[in-house]
Amino acid sequence: MSNSNFQTFKKIELKPGTLLAPLPVVMVSMADPAKQAADKADDTKTGVEQSGGNIITLAWNGIVNSDPPMLSISIRPERHSHALVADGGEFVVNLVTEQLLKVCDFCGVRSGRDMDKFATCGLTPVPAAGLKSAPAIAESPITLSCRLTSRELLGSHEMFLAEIVALEVADELVNDEGAIEFQRAGLISYMHGSYYQLGDILGFFGYSVARPEVLKRRLKESKAREKSDQTHSENSKKKIKNIKSTKQKKSKKKKKDKK
């Protein structure tokens, strides 16, 4: 494994900061009892208008344990979502795609105190597997249902530790062998204030010690999937474009009808 061609770097020391990258950016959804009560009292609200939930965008999150599967999220105590997670004891981590990126950013810079983010963003709340009241986001292809186990105030943020009690994945991302093809999801990462789409597959866990024939086969399979994913991504973008065009036409028609 020795390689004398590795590049070395001359470094400069900077002040300590949160420069760990890349990180997954996620949309965390949870129940909002006040909105649930208001929705029940308002007979005019139906469907997406009755979310009864809130959404916060976070990058301070990560897997912390394998068995049982657990993760952590960190939220500033002054944020509206902080009390909802602390009091509700459950939440959903919704992974973010390119399609969701704009509303993902919006949910990170606007407060749920002032609006129903589901309704404002046109997102669909759906029941989350394994949870009592926290809704998942239907437009997210991968969602993790989480139940709070403990919390710790660290300083600027409070860390919530939770067990992942259920995992839901879009059926189109699961192949015939039952494996999740993450590269087809178009997931987004976060690095120091900017969003990035994930790139090419460069290897797989254990590839550094894989037998030559296994390495060749796995990389060939990965390249084939990448080609298929590119076609899938292009078709998805066309579909989204057509949906937006149809919505715009319907909106224009409604305006004309009102006149």
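User: Let's start with Pro 22. Where is it found?

Analyst: Pro 22 sits in the segment before E1. The element names come from DSSP runs, numbered from the N terminus: helices are H or I with at least four residues, strands are E with at least two. Before going on, note that this is a predicted model, where local features need pLDDT of at least 70 and side-chain atom pairs count only at pLDDT 80 or more, while totals for chains, interfaces and linings use all residues. Residues are numbered from 1 along each chain as its sequence is written, and side-chain values use heavy atoms, with hydrogens and water left out.

User: What kind of peptide bond joins Ala 21 and Pro 22?

Analyst: A cis one, with omega at about -5°. Asp 67 and Pro 68 are also joined by a cis peptide bond, with omega about 0°. Pro 68 is placed in the loop between strand E4 (61-65) and E5.

User: OK, the big picture. How many helices and strands does the protein chain have?

Analyst: Five helices and 12 strands. Of the 259 residues in the protein chain, 33% are buried, where buried means under 20% relative accessible area, exposed over 50%, and partly exposed in between (1.4 Å probe, protein chains only).

User: What about contacts, how many of them join residues at least 24 apart?

Analyst: 65%, among contacts between residues at least 6 apart in sequence. A contact here means heavy atoms within 4.5 Å.

User: Back to E1. Which sheet is it in, and what's the order?

Analyst: E1 belongs to an open sheet of three strands, ordered E1-E11-E12, with antiparallel pairing. Two strands pair if DSSP finds at least two bridges between them. Strand E1 (23-24) and strand E12 (194-197) are the edges, each pairing on one side only.

User: How many bridges between E1 and E11, and which residues face each other?

Analyst: Two bridges, with E11 covering residues 188-191. Pro 24 has Ser 189 as its bridge partner, and Leu 23 stands opposite Tyr 190.

User: Is His 192 buried or exposed?

Analyst: Exposed, because its relative accessibility is 64%.

User: Switching topic: which residues of helix H2 are buried?

Analyst: In H2 (residues 80-88), they are His 80, Ser 81, His 82, Leu 84, Val 85 and Ala 86. After H2 comes Gly 89, with a positive phi near 75°.

User: Then Glu 90. Buried or exposed?

Analyst: Buried, because its relative accessibility is 8%. Glu 90 is in strand E6 (residues 90-95).

User: What does Glu 90 touch?

Analyst: Leaving out residues up to four places away in sequence, its contacts include Met 30, Val 85, Leu 131, Lys 132, Cys 146 and Arg 147. Glu 90 and Ala 162 are 72 residues apart in sequence, yet 8.0 Å apart in space, C-alpha to C-alpha.

User: Last one, the second largest pocket. How much space lies in it?

Analyst: About 400 Å³. On a 1 Å grid over the protein atoms alone, a pocket is an open set of points where a 1.4 Å probe fits, with protein on both sides within 12 Å along at least five of seven lines, and lining residues have an atom within 4 Å of a point. Grid points are joined across faces, edges and corners, and the volume is the space filled by probe spheres set on the points.

User: Which residues lie nearest its centre, and which element gives the most to the lining?

Analyst: Thr 57, Leu 58, Ala 59, Arg 79 and Gly 108 lie nearest the centre, out of 18 lining residues. H3 gives the most to the lining, with four residues. Strand E3 (53-58), strand E5 (70-75) and helix H3 (101-109) each supply at least two.
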